[in-house]
Structures are given as structure tokens and as C-alpha cells.
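Please load the model in a viewer and prepare to select side chains one after another. The tour below concerns aromatic rings and their surroundings.

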Amino acid sequence: MFKAIIIGSGPAGLTAAITCAENGLDVLVIDEYMSAGGRLLGQLYEQPDGSWWNGLRESKNLYTTAISLGVKFHFNTSVNNIEKRNNRWVVYTEKGTFYTENLLLATGAAESPVPVPGWTLPGVMSVGAAQVMTNVHRVKPGKRGVIIGVNVLSSVIAMELHLAGVEIACLTLPKMNSIANKEGNPSQVLDSLLHVSHMATSPLIRYGSKLLKNDFIKNLGIHFYPKKGFKMWNTPIQLRKAVIEIYGKDEVEGVVVAAIKANGEVVPGSEERIQADFVCIAGGLYPLVELAALAGCPFFLVEELGGHVPLHSEKMETPLEGLFVAGNITGIEGAKVAAAQGRTAGLAMAIHSGIKGLDTEIRHSMDMVKQTRESADIQFHPEIEVGRKRILREWEISQTSKQNHEALMG
Amino acid sequence: MNENVMIICRCEEVTYHELVSTATKYKCSARELKLRTRAGMGYCGGRTCRTMVEKIAQSMGTNTPTETNISLKVQPPIRPVSFENLGRISK
């Protein structure tokens, strides 16, 4: 029995663990990975003020702090089920079953797959996998790669690969099909990139946003988009080409790209081969909500947050007593926002377990989440604020109907 | 390689063509598409292909995702468990 159990040791989970421990709770953190940090581990980029955000270092600092406060960790441990029994949350893992009255799901996000013919060949990986290999394990994923999918995540990781001395032949779109619909449409891709203009870490985005402010210009932009693409850190970005096939006998040997029209249609006869020994697929991120679904938490589909997210309050509570959420499970945002949410969740868990006098602190922490969001270096969806408001409104509606119901039952 | 023969569900080796043609023929929901093709019913429990199966059903206009529900149910165990651990008598 632990006062608090936290599933996921990314920025949200670690910050929550520290906050719980600071308030006297004994805490267990469970993570499938072999070390603490989650997706924070792979992050390495220059911030607008010129300093470097080094996720490896940030992870280590958080982990060291947690350990010094007595937080227990189980790594290499997958949670395969959770349920509520006798007012306690039961957490099932291959290493044993754990119990708590305060359970935090900080499971983060997963990458959406985008299928391309040949994508099951060895040497094809998600762009996040290439990031982990390069920045965490310090192993180059290959000598020369192609990144399929042009978005915030892939442009940041392309830069990181470039810094590591890995050549990226190009960033380009996947051929449109029933699955890669938005991702394969140049107009829609450009549109999603334009909105994140303040994201100083990517010249790609600055390029787009300066030139293309309104729909008319944007339409011109996609039609007159340079056929050769443009270059970012010597890497060509192709919005008017798509990978129609990944080829190779036993492993990746290259890709076939073709020119595409502004609506994503392939121009026949325009196929050309690009040699590469690895391919990254970048389909974007979605909240990893499996455990919340098993618990029976209500969901809402909020596009701005990246998909279905569990209903939650600004204090990171779910409607299920003793179940909390923080980080990307609540919507796709950067690590700093996740950490700020983790702090709020940690305080909410301490309050729920009976610690008094934290009201001012949790209000302050909720304000910090907003401030952090407003000043974020990386924004994955332009309308994140709309999505956040949507969930809060749903929460208020659910609380009001709950109160009405209780009043009725007297 | 042709788009039609590309694998979507790796565990059960279900192709893009199988999924699209089944969705077209039966105009089915993501759940029905899963049950008809076995996509998402293999070893990994749909961790890789779940979003793709949902998108194919959506693209046919037959699976408008409900606001408050995930269209393919999540069931335990959500990670593979070895037979040794599954059958172990708890201490």
C-alpha cells in the first residue's frame, strides 16, 4: 500500500512524485522504460533566449530530486490493468500488484502510425524512435534517412538528427490514402504549420508564417511552393512531393517519391528514387489513454488536444475518486506544461490524502500551468487554448449535473 | 510494392486492401471491421494498428467517432503478459 502511485516517469509523473513526497506522501513510480524521463529524455533544442533545453539533464535532475525525497521507482515494469476495489486502486504489473488511494496516470502520448507501402521493412521506424536512438542511446539510426510527415515534431527531430551528424535526405509527405488523409494533403499540412508561428525553434515554421498569413496567400503559397522545396539546416523540406513506396530487398534501400498536386494527388510519371538506409515515419502524437479507459473514465474527443482525452478538472482530478491525470494524457503539449500539470496533480493528491493548508499553493500551481502554456517554446496545436477550455466546460457541466442528482436524491 | 498489399495489422497480417474492401462492402463500424478482419486482435492488442483501423472506418463515413466514446474498446491486459505470469498463483 502506497499513499500515492504514479504511472509514467516523464516530466508530469516525476514532478508529481516530487510534489507528493515533499508533502509527506510515500510514492511509487512505475514506468515501462528502463530509466526516468519519458519523452523528455530525447529532447534537445535551442530555446528562444539562446540557452539549450537538454532533456537528458532535466530528467536526471528530476529523478535525483525524487530519489532524495524517498520516492520508490519500478522501471522496466508495464502496468497491464487497473481497477478500483474496496475504495482502493489496484495496479497490476508483471512485477506484482500494488494498491493506493491516490493514483496518477501520467502515461503521456503515443505516435500515430502512417502506413506507406514497404513500411514493414527493417530500417523503418517512428520519428520518436530515431530521436531516442540518437539523443538517448547515442546510436545513429543510419547514415542517410528520409522523414515521412512534415509537422512540428518531425521538424524538431530533423534538426536534432542534423546536429548529431545524421544526413536527412529530405522531409516529405506520405502519399494520401484512407489513413494518411490530412498528413498527405499539402494545403492541410501547410495550414497546420502556419499557426505555430511563434515556435522559434523551427525556421520551417517561421518561413511559412511570415509569407502566408491569409487563406488567399496561403493558397498561392501552396501552388507556387518551390518544386525543389526549401532547405532547413541543409535539409530539403518537400511539401509538393510524397513517398509512394519504401523499397529494399531485406532492409530499407531507399524511397520512391512523386510530385503531388496541391490537393495531394500524385502526378503520374514524376516518380524518382532517393537512396536512404533508414526511414522515419512522423504521424504526430495522440494521448495514451488506455488505462483511463480501463478505469471507466469518461472521454471527450477534442481535436485540439490530439484525440480522445479523459474528462478532468483544472486540479487534474478525474470524475473517479482518487484517480488523477497529468501530462500528455490530457492533451498534446510540451514538457514544461506537463511538468506544471504534474505539480498541480501532486498537490491535488496530497489534499485528497488529507494534507491541509495547500489551497493557496494549488491555486498558484494552476496559474503556473496557464503561464507556462502561454510562454511555451513548442506548441503542437494552434488552438490548444480552445481545447483546454472545452474540457473545463465539460467538467463543470458534469459537476453541476452531479450536484443536481445528489440534491434530487436528497 | 503496391499500396493494396501493404500490411496494416502486423500481428494478424491484415492488408490495407482487406480493410478498405471490407469497410466498403459492409459499411461497418471500426469494431465490426476489427471483428471481420481480425485487425487489432493479435498479440499486441492493437497497439500499432488501432488508430489506422479507426481511420479507415471513418473515411468510409460509417464510423463517425462518438464524442464521448473510444470506438475500439480497450481491454486488459493492455500489454502482453507471459504465460508464466498469467498463470502464477499469487503469494
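**Rings and charges: a guided selection**

Begin with A:W53 and A:K336: in this predicted model, A:K336 lies over the face of A:W53, at 4.7 Å from the ring centre.

Next, select A:Y247 together with A:R273. Here A:R273 is placed over the face of the A:Y247 ring, with a distance of 4.0 Å from the ring centre.

Now turn to contacts between rings. Over all chains, the count of aromatic pairs comes to three. Select A:Y63 and A:F75 for one of them: the ring centres are 5.9 Å apart and the planes stand at 55 degrees, so the pair is tilted, given that tilted pairs fall between the stacked limit of under 30 degrees and the edge-to-face limit of over 60. This pair links distant parts of the chain, 12 residues apart. Display helix 2 (residues 55-68) of chain A to locate A:Y63, and the loop between strand 5 (72-74) and strand 6 (79-85) of chain A to locate A:F75.

Colour these residues by accessibility. Is A:Y63 buried or partly exposed? Its relative accessibility is 29%, so A:Y63 counts as partly exposed. A:F75, at 16% relative accessibility, counts as buried.

Methods: Residues are numbered from 1 along each chain as its sequence is written. Chains are lettered from A and ligands numbered from 1 in the order in which they are written. This is a predicted model: local features need pLDDT of at least 70, side-chain atom pairs count only at pLDDT 80 or more; totals for chains, interfaces and linings use all residues. Side-chain values use heavy atoms; hydrogens and water are left out. Rings of Phe, Tyr and Trp (its six-membered ring) pair if their centres lie within 6.5 Å; planes under 30 degrees apart count as stacked, over 60 as edge-to-face and the rest as tilted. Helices (H or I, at least four residues) and strands (E, at least two) are DSSP runs, numbered from the N terminus. Buried means under 20% relative accessible area, exposed over 50%, partly exposed in between (1.4 Å probe, protein chains only). A charge sits over a ring if NZ of Lys or CZ of Arg is within 6 Å of the ring centre and within 35 degrees of the ring normal.
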